[in-house]
Every structure is written in C-alpha cells, then in structure tokens.
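Here is a short tour to keep beside your viewer.

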Amino acid sequence: MSADQRVLILVVERNPAVQRLERFFLEQAGYSVEFASDGLNALERARELKPAIMVAEILVPALDGLSLCRALKADAATSHILVLIFSHLHAEDRALEAGADAFLIKPLNEELLIETVEKLVSRVGREKGTR
Amino acid sequence: MTQKISAGATGLDEVLMGGIPANTITILMGAPGSGKTILAEQIAFHNASPETPVLYLTTLAEPLEKFIVHGNNYSFFETSKVGVSVFYEDLGYMIRETGIQTLAERVTDLLIKYRPKLLFIDSFKALHELLTSETERRTVIYDLATALSAYQCTSFLIGEYAPGMVTELPEFAIADVVLNMMRHITNVREQRFLRVEKIRGSDSIQGMHAFAISADGIKIFPRILTPRFSPTYRPKVERVNTGIKGLDDMVAEGFWRGSTTLIAGPSGAGKTIMALHFIRQGALQDEPSLYLGFQENPMQMARIMHNLGWDTEALISTGKLELMYRSPVEMQLDQVAAELFGRIRAGKVKRVAIDALDDLERSSVDPQRFADFIYALIQWFAVENVTCMQTVELSHLFAVSGTNVTQEQVSNMCDNLVVLGFNTERDELRRSVRILKTRGSAHDERAHTLEISGRGAAVTKAKAK
C-alpha cells in the first residue's frame, strides 16, 4: 500500500518513549502516523488532517484527552473520527462517557494496541459502506 | 487485582504474596557475591518462553561471556533457551559508543527489537560511573523510567547498592519493588537473608528471610510467622503417651496432643534419651515421628537407639520414624522450620522432638528473633495438632530458680515444663525429674528419680510423705 493510501492515525502523546513505540508498531502494522503533543494542537490537526482514528492520552497539556474527545464528537467536521483513549489512568467509564470508541490502559502492549486499532479500522470501513 | 509473575525461586513468591507485580520496576540490591545475578537469571529462565521473551542486558561490571559461563553452573540455566527466548545483549558496549545520555533511547531500540516481557539490566549501578553530574544522573534515570513505563514489560535493575544508597540514588524513587540480598557474617559463619525493602501496590511478608544457594539456584525460606488463626478447639482432650515410664502419671490430664513440652536440664541429665523415648513411642503407635538433632548425625542416633534394644531400623524403613540432622554451623532457623513444616503439612509428621534449642539459638542472628521464632513454632505445632518435645541445656546442675529457666523465655511459651537435675545421696549422684508447669492440668509437684539404664529412661516415684 502506498503512503497516501494508508489509514491515517493521529496520536496525541507527550511521552517521547511512547511516541516512538507507537510510531514503530503502528507503522509496522501498515498505518500512517502523525503526532500532536497537546490537546489543542490535536484538535487543530484533526480538523486539518481528517485522520480515521485518533489515539489520545488523557494526561496531555492544554486540553486533556477526554475534553478533546468531547470536542471532536461535538463538531460535525470531526465527529466521524474514531477515538481510542490510551492512558495510564484507569478511566474506561469516563472515556466512554466522553464519546470514546475504545479504551486501552498503558503500558503499551503491541498486540492489544494493533488489535484494537484494527477493530476501529474495520468499523471505519463498515461505516463508510453504509453511508 | 495486580497481575504477578512467578519469581521461580522457591519461597520468593510466598514472601511477595504471589510473585513480582507485573509491569513494574524491581531493584535487586546487595553486596558483591550476595546472589543477585543468580536470582536474576533464575527469574529470567523460569519465565522465558517463545511467548514470554526475556532480554538480559549486561553493562560495565562483567563481560557478557561471564554471565553465560557463570549461568551454566546452575540447573535452571537451560542453554536451549539462549537466543530463542532469553536474549543477552551488551548494553555497556552500546552506550560507550553513543553516550550515557542515549541510555533510554538504546533501551527503547532493544524493546522494539526483542519485544521482551521481562527485561534485566545487570549491573545497573555500574552505569553510574558514566554519569558525571547529579543533573545528568537524574535526567538519564528519569528518561529510562519513562521508557520502561511506556512498554508492557517487567523490569529488573541489578546492582551492588549499599543500604545508604536507597535514599540517595534516583533509581530507588522509580522502583516499585526493592529486594535486598544480604550476607550476615559472624566469625566463620555466614548466613544469607533477603528482605523486601519496598513494594508498591502489593503486600509482602516483612522481615529477613533466610536463603540458600545451591546448584538449583536460590531457595528462600520465608520467615515463620505466628499463625493468623487459633488452633481448633477440641472438646475432647486427647492424651499422648510420652513413652517415658512413670512420667505421664505425674500429670493429671496427661500430656495433650498438640502441646509442646520443654525438657530442661544440665548436660547428662537425660534430655536426649527422653526425646528419643518420645518419638519412638509415637512411631510404635503409628504416629509418624521426627527427631531433629544438631549434634549427633542419624547414624550415631540410630546406634544409640539400637544400644537401647530398640528396633529403630524397622521404624525408619516403614516411614514411621525419621532422624533429621542439621549441622549447627550451616543452619538457618527458617530453613529448618521450612523443612519441618514441609513434612508436617505433607502429613508425614505427628510428633517432633527438637534436641536442642540451644543449637537453634546459636544459629539465630538476633535473640528477639529467636524468641519470636520459638513462639511461632509452638503456635504452629498447636494449629497442626503436632505434639512436640524440645530440650534445652541448663548450666546449673542442682537447682532451678523460678519458672523462667531459659534465657529467651522459651519456658514461658511451652505448655509443659519438665526440669531435670542431679542430687547427691551418700556421695552417689542421682538424676532427678520435676514437673514445674503443665498448662490446663494439675501435676505432681514433687521431684522424682530419673533412672537411666540399658533399656532407657524411667521415672521412679518418691514415696509420699
């Protein structure tokens, strides 16, 4: 698959070690990955890049991951973006309440991350098909 | 519930209440030669499988080859796992090339390459030699902690840390578990102990736990604690025949099953022979019985029993009698307790004779610990319904003052206290026996004669006045 055909994932993460691991594992699985280091920047980049999926930590500066998720889902231009909250905080209920489509607890488990992203990607495909 | 990984070293999971919490950072600290690398490799090989790859990073303390050569001395070191599920890498070489500032980056490279579930850095402390300032030290350790916490992996940092470093070095702040391996040397005796200095989000058995190193690796003997539950109340008291003619009649209700009797007396007063009668009687009554001695080896003990005309071999061969010997020079209290209760819980022992407490006391590093140990031991015997006879040597030949006949108040802890001694009658030395205490029963308070002949010991009652 060429670079522009790959599914785009926007990752909101400020820990460079996690950024590096996420980039490596997601790219190896065939995805295109872009980063935002805080919540506001992520909101701007989401509107600009229109990624299929956003993977967001809750504990990020400027706008936390849950508020970011609510903002995305409230905006018609970004509400289609599927959100995976990926955090050290045990906040699955809060994430789902905020409109997140999936939740994973850190630290990073490669198999779980890729499996969860794949499920979201297949949902993107189904939702496109039904439109 | 916290997920845990088995440490693979006998006893350590028990100390850590189920194992090492997964996805945490553990520091294995201790002096040179304390067994840190053995424990680390034991944990590594125990857990390694194709689904659970293990990455073992060596640094600046010892070359990688030495780890392999050293590991080969132990049975857990399965050579077939090296390069398949246990991967060794020389981290020291990598950071010498790129600088200590790149430590977190290099470790992340290796996490990506091997995707380990367990990671070891040995020696982590040796990396401090490359750190030139406190700021650099904090930054590098912080970055490494960030990298390790990013990936689902249980990490172990190994180092020759002294106790004072726990509050000074930054790696102790990031560690979730700190295991301290210690050597306690007194004169020519050496004992090894492990202590959990820190554990986050989990519980552990506090205190110092003895451990031994053998070709099978490290075996830990968790410190014996007082049982958390009381012995079951038995409405019908069962009497136990001690096998010492005349002694049982001195106690109105007899010696109870599950009780502990202390036989205290000077050298030569008959303590050992009474203990031997006690376990032999148990074996004859189909109660598996164990004699734990520290002076005579089993062959010497068997000979003594044979000379008394007892068919000891038959009792031993049927498993009714066991003569267990431990050298008082090499012994560790909790190791003895672990072996003893291993047999008791396997249903192999109903009676125990411990001869003598003095030898156990000498192997203790701390008098208070000895007292606590004996108390816990007696309580556990009661819980397990095991009847025990213990001996202790008294320095005075003729008289006993008060009921606290032993230094560490062991006599107060025991249910029954029997004191042996000597008295002179027309220049003739005679052995005497007197019961000073029986818990929950009346007893004959008079002193009687203890006769020892070629057939053993027997109490000859003094005529009532």
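Two residues are in contact here if their C-beta atoms, placed from the backbone, lie within 7 Å. By that rule, the contact takes 10 residues from chain A and 11 residues from chain B. Please keep in mind that this is a predicted model.

**Where chain A touches chain B**

- Helix 1 (residues 16-28) of chain A gives the largest share of the side of chain A that touches chain B, with five residues.
- By class, that side of chain A has six nonpolar, two polar and two charged residues.

**The sheet of chain A**

- Chain A holds an open sheet of five strands in the order 2-1-3-4-5, with parallel pairing.
- Strand 2 (32-36) and strand 5 (102-105) of chain A are at the edges, each with a single partner strand, so one side of each has no neighbour in the sheet.
- From one strand to the next, the twist averages 20°.
- Strand 1 (residues 8-12) of chain A runs parallel to strand 2 of chain A, and five bridges join the two.
- If you want a place to start looking, find A:L8, which stands opposite A:S32 in strand 2 of chain A.

**Helices on the sheet**

- Helix 2 of chain A packs on the sheet and touches strand 1, strand 2 and strand 3 (53-56) of chain A. The direction of helix 2 makes about 170° with that of strand 1 of chain A.
- Helix 3 of chain A also packs on the sheet, touching strand 1, strand 3 and strand 4 (82-87) of chain A. The direction of helix 3 makes about 175° with that of strand 4 of chain A.

**How the two helices meet**

- The axes of helix 2 (residues 39-49) and helix 3 (residues 65-74) of chain A come within 9 Å and cross at roughly 25°.
- Angles under 35 degrees count as roughly parallel, so helix 2 of chain A is roughly parallel to helix 3 of chain A.
- Helix 2 of chain A passes helix 3 of chain A in a right-handed crossing.
- A:G39, A:A42, A:L43 and A:A46 in helix 2 meet A:G65, A:S67, A:L68, A:A71 and A:L72 in helix 3 of chain A.
- The residues of this contact divide into six nonpolar, three polar and no charged.

**The two domains of chain B**

- The domain assignment gives chain B a domain 1 (4-221) and a domain 2 (239-460), and their C-alpha centres lie 44 Å apart.
- Seven residues of domain 1 are in contact with seven residues of domain 2 of chain B.
- On the domain 1 side of that contact, strand 9 (189-199) and strand 10 (209-214) of chain B each supply at least two residues. Strand 10 of chain B gives the largest share, three residues.

Note on methods:
Residues numbered from 1 in each chain as written. Chains lettered and ligands numbered in written order. Predicted model: local features only at pLDDT ≥ 70, side-chain atom pairs only at ≥ 80, totals over all residues. Domains from an automatic or database assignment. Helix = DSSP H or I, 4+ residues; strand = E, 2+ residues; numbered from the N terminus. Axes fitted to C-alpha atoms, helices over the stretch in contact; angles between N-to-C directions. Parallel < 35°, antiparallel > 145°, perpendicular 65-115°, else oblique. Left-handed = near helix turned anticlockwise from the far one by under 90°. Nonpolar A, V, L, I, M, F, W, Y, C, P; charged D, E, K, R; others polar. Pairing = 2+ DSSP bridges.
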